[in-house]
Amino acid sequence: MDDGLTLKVIIAELALEQVKPSPGPQYAPGTPPPQKGPTVNVRLRRVYESPEPEDGVRVLVDRLWPRGLSKDAARVAEWPKAMTPSTELRRWYHAGEGSYEEFTRRYEAELAAPEAAELLDHVRELAHEGTVTLLTAAKTPEESHAAVLARLLG
């Protein structure tokens, strides 16, 4: 190999060594890496499903009590009604007058009101302390106000 080509190969090898990804921070064996922030464990379930030990604090997030369900059977720990969608917004959405995206935007605006924001902060604190399960009677909780709350809490 001529000297010019050898020099080019050495320069290329040095350049490759400089762009190798870093293995990342190293931790002592058995030491977990530090967490990026406080963890929040929020579950989303229908209130009609049987309570489970993993539910933690069960929070009903509907404005109206679910039909045909006794308070004993529901085992609801908290019912922050001021954090639920207003009657007007709920009726508007259930009448099919708007999209889920528009409902979400309007609901988030309602949650900015002082009383709702205070309750949201309270539930967020509960979620930092342990599992919180948001309960709703909605047939599709993942497309309801409860999903909006779960996202905002997480």
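## Helix H6 and its two packing partners

Helix H4 (residues 100–111) packs against H6 at an angle of about 60°, and their axes are 10 Å apart; axes here are lines fitted to C-alpha atoms, for helices over the stretch in contact, with angles from 0 to 180 degrees between N-to-C directions. The model is predicted, so that local features need pLDDT of at least 70 and side-chain atom pairs count only at pLDDT 80 or more, while totals for chains, interfaces and linings use all residues. Residues are numbered from 1 along each chain as its sequence is written, and side-chain values use heavy atoms, with hydrogens and water left out.

**H4 with H6**
- H4 and H6 are therefore oblique to each other, a term for angles that are not under 35 degrees (roughly parallel), over 145 (roughly antiparallel) or 65 to 115 (roughly perpendicular).
- In the contact (heavy atoms within 4.5 Å), H4 contributes residues including Tyr100, Phe103 and Tyr107, and H6 contributes residues including His145, Val148 and Leu152.

**H5 with H6**
- Helix H5 (residues 114–129) and helix H6 (residues 145–153) have axes that come within 10 Å and cross at roughly 65°, which makes H5 roughly perpendicular to H6.
- Leu120, Val123 and Arg124 of H5 meet Leu149, Leu152 and Leu153 of H6 in this contact.

**Confidence**
- The protein averages a pLDDT (the predictor's confidence in each residue, from 0 to 100) of 83, and 75% of the residues score at least 70.
- Among the elements of the protein, helix H1 (residues 3–18) has the lowest mean pLDDT, 51, whereas strand S2 (residues 57–60) has the highest, 98.
- Where pLDDT is low, the predicted coordinates should not be read in detail.

Terms used:
Helix = DSSP H or I, 4+ residues; strand = E, 2+ residues; numbered from the N terminus.
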